[in-house]
Amino acid sequence: MTMQSSETSTMLQLISGFHVSRALYVAAKLGLADLVAGGLHDGPALAAATATDASSLMRVLRLLATVGVFEVDEHERVRLTPLAETLRQDAPASLRGWAIGQLGDEHYMAWGDLLGSVRTGQDAFRRLFGKSPWEHRVEHAASAEEFDAGMSSFLRAHIEAVINAYPFGRFRRIVDVAGGDGQMLAAILATCADTSGQVFEVPHVAERAARRFGQAGLAARATALAGSIFDTVPAGADAYLLSRVIHDWADADAIAILKNCRLAANPASTLILVERVLPDRMDTTARARALAASDVNMLVMTGGRERTEAQYRELLAAASWRLTRLIATATALSLVEAAPA
């Protein structure tokens with residue numbers, strides 16, 4: 001009998017990785033962590049609360065228990081683990097929305113056509129759905145809600161590290177370009193009492209940002225303006241912030257966005273990109289794997305890409321910006337700072 005080598009065992013685990021990912025999606029979508037935290041600890045009760053088959057649900061929970069997400073004892077009683085806590089909706093750094101957004105059906109289908117993207121260089125999402133993710137979400141409210149919840153979930157896990165890594169308080173006015181529902185800008189303004197800001201977004205997202213600012217008591221210092229980043233950007237700000245924006249786009253579109261920011265900027269304005277920055281050489285760390293996975297995710301979903309420092313330097317130069325420094329944070333995100341060239 002031949003013993004399995006460590007390489008064989010590792011490869012078998014890698015091959016079955018998507019099984020765990022889809023099980024995580026099911027757990028997040030059904031809200032299992034919240035139900036267990038609320039006192040439902042046995043399979044039949046969880047199945048009744050989620051309108052699922054008890055035996056099938058328990059099989060998924062047992063799979064997740066093997067990777068430390070939930071504990072399942074010999075009596076099929078389910079308990080939370082520290083990993084499972086991150087799937088609770090009300091957890092301070094909840095990743096439930098991110099799990100649903102990243103592992104849901106649209107992402108799953110796009111990644112299923114990864115080979116097509118590798119062969120053609122085109123994003124799988126557009127080939128499958130006939131339009132970009134943004135166009136698709138305008139027409140599918142449920143998809144847009146899941147995406148927004150996912151972005152909010154992702155930001156909650158990173159926002160403190162971003163704010164701690166950079167002196168945003170030195171700016172009087174910040175324009176958060178394509179700033180979503182204002183979560184990042186609201187967090188910055190909450191720590192910078194003398195700073196004001198504006199989110200620039202498509203109309204239906206700008207409305208949500210305005211509501212957030214009102215609810216946070218920031219309406220006197222924060223506004224939301226509707227428009228397209230491919231047409232123009234609000235002029236005269238001290239800083240232009242683009243958080244997880246440029247990676248969504250191929251070089252030509254990214255340069256067009258950065259050029260519009262340059263046209264709007266003052267000679268002393270600062271550009272700040274919050275992005276994952278690829279190392280020049282990949283290693284086998286979890287951080288490197290997350291960076292590379294995000295890069296491939298951009299390939300299949302948007303046609304964009306993650307970039308190295310050198311690639312950002314070249315991209316910025318093409319839009320008349322000069323990269324001034326790269327600032328790491330305590331997470332996988334970095335800040336790419338630039339000044340007018």
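Predicted model: local features only at pLDDT ≥ 70, side-chain atom pairs only at ≥ 80, totals over all residues.

Look for Thr331, in the loop between strand 9 and strand 10 (333–340). Is Thr331 buried or exposed? Its relative accessible area is 15%, so Thr331 is buried. The side chain of Thr331 reaches the backbone nitrogen of Leu333 at a distance of 3.2 Å. Setting aside neighbours within four places in sequence, Thr331 is in contact with Ala157, His158, Ala161 and Arg287.

Next, move to another loop. Glu306 sits between helix 16 (286–301) and strand 8 (307–308). With a relative accessible area of 1%, Glu306 is buried too. Which side chain does the side chain of Glu306 join in a polar contact of 2.5 Å? The partner is Ser294. If we again leave out neighbours within four places in sequence, the residues in contact with Glu306 include Arg244, His247, Glu275, Arg276 and Gln311. Leu278, Leu291, Asp295 and Met298 are also among them.

Arg244 deserves a stop of its own. You'll find Arg244 in the loop between strand 6 (239–243) and helix 15 (251–264). Arg244 is not a glycine, and yet it has a positive phi of about 55°. Arg244 is buried, with a relative accessible area of 13%.

Ser320 also has a positive phi, about 65°, although it is not a glycine. Ser320 lies in the loop between helix 17 (309–318) and strand 9 (321–328). How accessible is Ser320? The value is 38%, so Ser320 counts as partly exposed.

Let's turn to the helices, starting with helix 7, which covers residues 96–103. Which residues of helix 7 are buried? They are Arg96, Gly97, Ala99, Ile100 and Gly101. Among the elements covering them are helix 2 (17–30), helix 3 (32–37), helix 8 (105–112) and helix 12 (141–165).

Let me zoom in on helix 2. The axes of helix 2 and helix 7 come within 9 Å and cross at roughly 125°. Because of that angle, helix 2 is oblique to helix 7. The crossing of helix 2 past helix 7 is left-handed. On the helix 2 side, the residues that meet helix 7 are Ser21, Arg22, Leu24, Tyr25, Ala28, Lys29 and Leu30. On the helix 7 side, they are Arg96, Ala99, Ile100 and Leu103. Sorted by class, this contact of helix 2 with helix 7 has 7 nonpolar, 1 polar and 3 charged residues.

My last stop is the pair formed by helix 8 and helix 16. Their axes are 9 Å apart, and helix 8 and helix 16 pack at an angle of about 90°. How do helix 8 and helix 16 lie relative to each other? They are therefore roughly perpendicular. From helix 8, His107, Ala110 and Trp111 meet Ala293, Val296, Asn297, Val300 and Met301 of helix 16. The residues of this contact divide into 6 nonpolar, 2 polar and no charged.

How values were computed: Residues numbered from 1 in each chain as written. Heavy atoms only, no water. Buried < 20%, exposed > 50% of the residue type's maximum accessible area, 1.4 Å probe, protein only. Helix = DSSP H or I, 4+ residues; strand = E, 2+ residues; numbered from the N terminus. Contact = heavy atoms within 4.5 Å. Polar contact = N/O pair within 3.5 Å; in protein donor to acceptor, adjacent residues only side chain to side chain. Axes fitted to C-alpha atoms, helices over the stretch in contact; angles between N-to-C directions. Parallel < 35°, antiparallel > 145°, perpendicular 65-115°, else oblique. Left-handed = near helix turned anticlockwise from the far one by under 90°. Nonpolar A, V, L, I, M, F, W, Y, C, P; charged D, E, K, R; others polar.
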